[in-house]
Amino acid sequence: MIGSRHCLSAVNLPPESFPMKSVGWTILLAILAASPWTNASAAEPPAEKERVWLEVTAQYRDFVRPLLNKLCTDCHSSDDPKGELDLQRFDSLARVRADLRPWQLMIEQLESREMPPRDMPQPSAAERQRLVAWIRTLLDAEAREHAGDPGHVPLRRLSHAEYDRTIRDLTGVDLRPTREFPADGAAGEGFTNAAEALTMSPALMTKYLNAAKDVA
């Protein structure tokens, strides 16, 4: 636990300005209680994490991979993958972990009994249940492994609306410098503030420089 003096110095406030019974001290403690560094003990113990991954690896080697070879890879192989699903390429757990999306979809296919097709050899009820349980364990372990990691976050510029409002807030004048800019893209989600859509072309950079001169 971080000492009280270190906590207070972290927010640049002298300790004497926070008497123990004051409202400010109570609020500060509430904030610290919710902070990630005070909850480190709630993280999964390394020994337990290692045990889970050893079990996931062993089950993949001894049960999952042989079952897929027996029931699935005739159709879902690297040579002619039906439904664009190649299960043969998952020859190790490392390759499974590198591409989890097919395994997420596989749960739905197995539980709805859409796969394997009805005219093909079927796993027993116990095998189907065990395979689904293994996939869920894998996905849960992978989620815990990357807890708090948002993945790749691309750099983005301000959207036109954000830029206009920033200039208005800085100058006190609603200059709308982006009125001559091309419209923001909406990416695939339909939002104009999606980072993937807020790129900067050379032509747009020139417009930003000219707009900055006009604002100045």
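The model is predicted.

**Largest pocket**

- The lining of the largest pocket consists of 20 residues.
- Nearest the centre of this pocket lie H76, L85, L87, Q109 and M115.
- Helices α3 (46-71) and α5 (101-111) each contribute at least two lining residues.
- α5 provides the largest share of the lining, with six residues.

- Is L85 buried, exposed or partly exposed? Its relative accessibility is 23%. Buried means under 20% and exposed means over 50%, so L85 counts as partly exposed.
- Setting aside neighbours within four places in sequence, L85 is in contact with H76, S77 and P102.
- H76, one of these contacts of L85, is also listed with L85 among the residues nearest the centre of the largest pocket.
- L85 and T73 are separated by 12 residues in sequence. Their C-alpha atoms are 9.6 Å apart in space.

**Second largest pocket**

- Which residues line the second largest pocket? They are L175, R176, P177, R179, E180, F181, K207, N210, A211, D214 and V215.
- By type, the lining has five nonpolar residues, one polar and five charged.
- The lining includes P177 and R179.

- The relative accessible area of T178 is 6%. The cut-off for buried is under 20%, so T178 is buried.
- Which residues does T178 touch, beyond its neighbours within four places in sequence? T178 is in contact with H160, Y163 and D164.
- With D164, T178 makes a polar contact, side chain to side chain, at 2.8 Å.

Technical notes. Residues numbered from 1 in each chain as written. Predicted model: local features only at pLDDT ≥ 70, side-chain atom pairs only at ≥ 80, totals over all residues. Heavy atoms only, no water. Buried < 20%, exposed > 50% of the residue type's maximum accessible area, 1.4 Å probe, protein only. Polar contact = N/O pair within 3.5 Å; in protein donor to acceptor, adjacent residues only side chain to side chain. Contact = heavy atoms within 4.5 Å. 1 Å grid on protein atoms, 1.4 Å probe; cavity = no way out; pocket = protein on both sides within 12 Å on 5 of 7 lines; lining within 4 Å. Helix = DSSP H or I, 4+ residues; strand = E, 2+ residues; numbered from the N terminus. Nonpolar A, V, L, I, M, F, W, Y, C, P; charged D, E, K, R; others polar.
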